[in-house]
Amino acid sequence: MNHYLIKPMQTKEEMQGKAYVHYQSWQETYAGLIDSRYLESVTLDKCTEIARRYPDGILVAKEGETVIGFAGYGPYRDASQKEMGEIFSLYVLAAYHGRRVGYELVNAALAELLNDKKIAVWVLDGNEKAIRFYERYGFRFDGVKEEICLGAPRIERRMIYERPAR
């Protein structure tokens, strides 16, 4: 049985917890995948500023009073995609991997994006653990990719979840 709660981020403490999960997850996930100097520039202070600047569309997973994961969601970044939502971020502390926290966060984000027929996520090439997670959930690559700079050029690929026809 899971002993965590998923809810909208509302308090300063939850915002700080989200910032910590963001910071720590980057350190746990992206070491060896992105430029080490860039990774060093992702500080707790920077993640706290992001949490303060973008408080909307954030769900946190909490065990007791501790934030252990979060998901960010909203309309797709390109307004031309009218019936597509996006999960912008999904991070869970490594100590909680395998406990269905990420799965439940995706469920909650999809519930918030109920009017969208398709949901997109962007995954960094080489992040095999995330790719396998999204594939198990039902997301599939659609061939769209973009180059981003994380200290050095890297490729992100888009995965799409299509809701079953009603």
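# Salt bridges, strand pairing and helix packing

Glu-49 and Arg-53 form a salt bridge in which the closest N and O atoms are 3.5 Å apart. The structure is a predicted model. In total, the count comes to ten salt bridges.

**Salt bridges**

- Both Glu-49 and Arg-53 belong to helix α3 (residues 44-53), where they sit four residues apart, about one turn of the helix.
- Glu-49 has a relative accessible area of 36% and is therefore partly exposed; Arg-53, with 49%, is also classed as partly exposed.
- A salt bridge connects the side chains of Glu-146 and Arg-77, at 3.5 Å from N to O. Glu-146 is in strand β6 (residues 140-149) and Arg-77 is in the loop between β3 and β4, so this pair ties together parts of the chain that are 69 residues apart in sequence.
- Glu-146 counts as partly exposed because its relative accessibility is 28%, and Arg-77 is partly exposed with a relative accessible area of 45%.
- Asp-35 pairs with Arg-37 in a salt bridge, with 3.3 Å between the closest N and O atoms. Arg-37 has 60% relative accessibility, over the 50% cut-off, and so counts as exposed.

**Strand β4 and its neighbours**

- Strand β4 spans residues 84-92 and is mostly covered, with eight of its nine residues buried.
- β4 pairs with strand β3 (residues 66-75) in the antiparallel sense, over seven bridges. In this pairing, Tyr-73 has Ile-87 of β4 as its bridge partner.
- β4 and strand β5 (residues 118-124) run parallel and are joined by three bridges. Here the bridge partner of Met-84 is Lys-118 in β5.

**Gly-102 in helix α4**

- Gly-102 lies in helix α4, which covers residues 101-112.
- Is Gly-102 buried or exposed? Its relative accessibility is 12%, so Gly-102 counts as buried; the cut-off for buried is under 20%.
- Apart from neighbours within four places in sequence, the residues in contact with Gly-102 are Leu-90, Val-92 and Phe-133. Phe-133 is also one of the buried residues of helix α5.
- Ala-165 is 63 residues away from Gly-102 along the chain, and the C-alpha atoms of the two are separated by 24 Å.

**Helix α5**

- Helix α5 runs over residues 128-137, and its buried residues are Ala-130, Ile-131, Phe-133, Tyr-134 and Tyr-137. They cover an arc of only 160° around the axis, which means that they are on the same side of α5.
- Lys-129 and Arg-136, on the other side of α5, are exposed.
- Which elements cover the buried residues of α5? The cover includes β4, α4, β5, β6 and β7 (153-162).
- Gly-138 follows α5 and has a positive phi, near 120°.

Methods: Residues numbered from 1 in each chain as written. Predicted model: local features only at pLDDT ≥ 70, side-chain atom pairs only at ≥ 80, totals over all residues. Heavy atoms only, no water. Helix = DSSP H or I, 4+ residues; strand = E, 2+ residues; numbered from the N terminus. Buried < 20%, exposed > 50% of the residue type's maximum accessible area, 1.4 Å probe, protein only. Contact = heavy atoms within 4.5 Å. Pairing = 2+ DSSP bridges. Salt bridge = Lys/Arg side-chain N within 4 Å of Asp/Glu carboxyl O. Arc of directions from axis to C-beta.
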